[in-house]
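Welcome! Please take a moment with the sequence and the 3D view below before reading on.

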Amino acid sequence: MTVPSPPRVLTVAGSDSGGGAGIQADLKTMLALGVHGMSVIAAVTAQNSLGVQGYWELPPEAVRAQLDSVLGDIGAQAIKTGMLASPVLVETVAEVLSGVSAPVVVDPVGVSKHGDALLAPEAVDTVKSKLLRVATVVTPNLWEVAQLTGVKVEDEKDLPRAAEAVLELGPAWALIKGGHLPGAPVDLLTDGAREFRFTAERHDNRHTHGTGCTLASAIASHLALGEDVPSAVEKAKAYVTGAIARGFPLGAGIGPVDHAWRWRGARE
C-alpha cells in the first residue's frame, strides 16, 4: 500500500535549545497542523527561559548545502524563514529562494522575546534589499517594522502606514502584528490593494515564547495545505491564539506557547 505524502514545509532558521522558538517551534507547529516539516539550520543558540546566552552562525556553504539537499530532492510546498543572523546568511538564503516557486513566509527576526539581538545590525539592509523581495508574506512585529522602515506604530491607526512602508521593500503581502499595542490585539494584512484585520482575545499569560515563529510557521503550513494568503493568516491566527492561551511555565523565566494545545485539550 502506498501512503500519500503530506504537504511539505521547509523552515530556515536558528535552533532554540530551550525548544520554545526557532526551528523547534516551527517543526512542532508544522506537525500540529498536519504537514511534513523540514529544516535548514542557519544558527545555533544557547537559549533557555531566561534569555539567549549566545549564538553561533553556520558557514554559508553549510546553509546552502542544506537548502540544495532538501529542495533538490524533496521539494517544498511552502518555505518559512526566521533567524538568519548575518548579511552573508541572509544573502545566501535569499539567492536560493529567488529560484523557487513555493510561497515564502519571512519572519524578519531581529531580537528574542527577552530582547536579545538575533540579527547583526549590518544585516538589516540585506534583509531589506534581498530577502523581502522574495517574500510572499512578511510578518514583522512593531519593533521589526521600526527596524526595517523607521515607521513607529503607536496605535492602530498607524498600521496602514507601517504596512505601506513594508510593502515598498518588495513582499507581496505584509502582516503587521499589533499585539504589543494597548487594547485588543489587532493585526493588519494587506497586499496594497486589499486589507484584512484580524483581532483576537488578549490572554493574561506571560508564557509567550515562540509566538512569532509559531505564527509564521502556521501561515506557511496553511499555504502548503492550499489556502490563499488571507485564509492562511486567519487560520494561523486561530492556532497561535490557542497556543498563547495554553502557554506554560518552563524554567525560571518566560515559558513557551503550547504547540500541542489542540491535542492536549482533546485528551483532557
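This is a predicted model: local features need pLDDT of at least 70, side-chain atom pairs count only at pLDDT 80 or more; totals for chains, interfaces and linings use all residues.

Residues are numbered from 1 along each chain as its sequence is written, and side-chain values use heavy atoms, with hydrogens and water left out.

**The sheet**
- An open sheet is formed by 9 strands in the order S3-S2-S1-S4-S5-S6-S7-S8-S9, with mixed pairing.
- Strand S3 (51-57) and strand S9 (195-199) are at the edges with a single partner strand each, so one side of each has no neighbour in the sheet.
- Helix H1 (residues 22-32) packs on the sheet and touches S1, strand S2 (36-48) and S4, its direction making about 150 degrees with that of S1.
- As for terms, helices (H or I, at least four residues) and strands (E, at least two) are DSSP runs numbered from the N terminus, and two strands pair if DSSP finds at least two bridges between them.
- Axes are lines fitted to C-alpha atoms, for helices over the stretch in contact, and angles run from 0 to 180 degrees between N-to-C directions.

**Strand S4**
- Strand S4 (residues 78-81) points Ala78 and Lys80 one way and Ile79 and Thr81 the other way, and all are buried (under 20% relative accessible area, with a 1.4 Å probe and protein chains only).
- With strand S1 (residues 8-16), S4 pairs in the parallel sense over 4 bridges, and Val12 stands opposite Thr81.
- With strand S5 (residues 104-106), S4 pairs in the parallel sense over 3 bridges; there, Val104 is the bridge partner of Ile79.

**Ser15**
- Ser15 lies in strand S1 and is buried, at a relative accessible area of 13%.
- The side chains of Ser15 and Gln24 are joined by a polar contact of 3.0 Å (a pair of N or O atoms within 3.5 Å; within protein, one must be able to donate a hydrogen and the other to accept it, and residues adjacent in sequence count only if both atoms are side-chain atoms).

**Nonpolar cores**
- The largest nonpolar core has 47 residues, and Leu10 and Ile176 have the most contacts inside it.
- A second, separate core of 28 residues includes Leu215, Leu223, Ala236 and Trp261.
- Such a core is a set of buried Ala, Val, Leu, Ile, Met, Phe, Trp, Tyr and Cys residues joined through side-chain atoms within 4.5 Å.

How values were computed:
Buried means under 20% relative accessible area, exposed over 50%, partly exposed in between (1.4 Å probe, protein chains only). Contact means heavy atoms within 4.5 Å.
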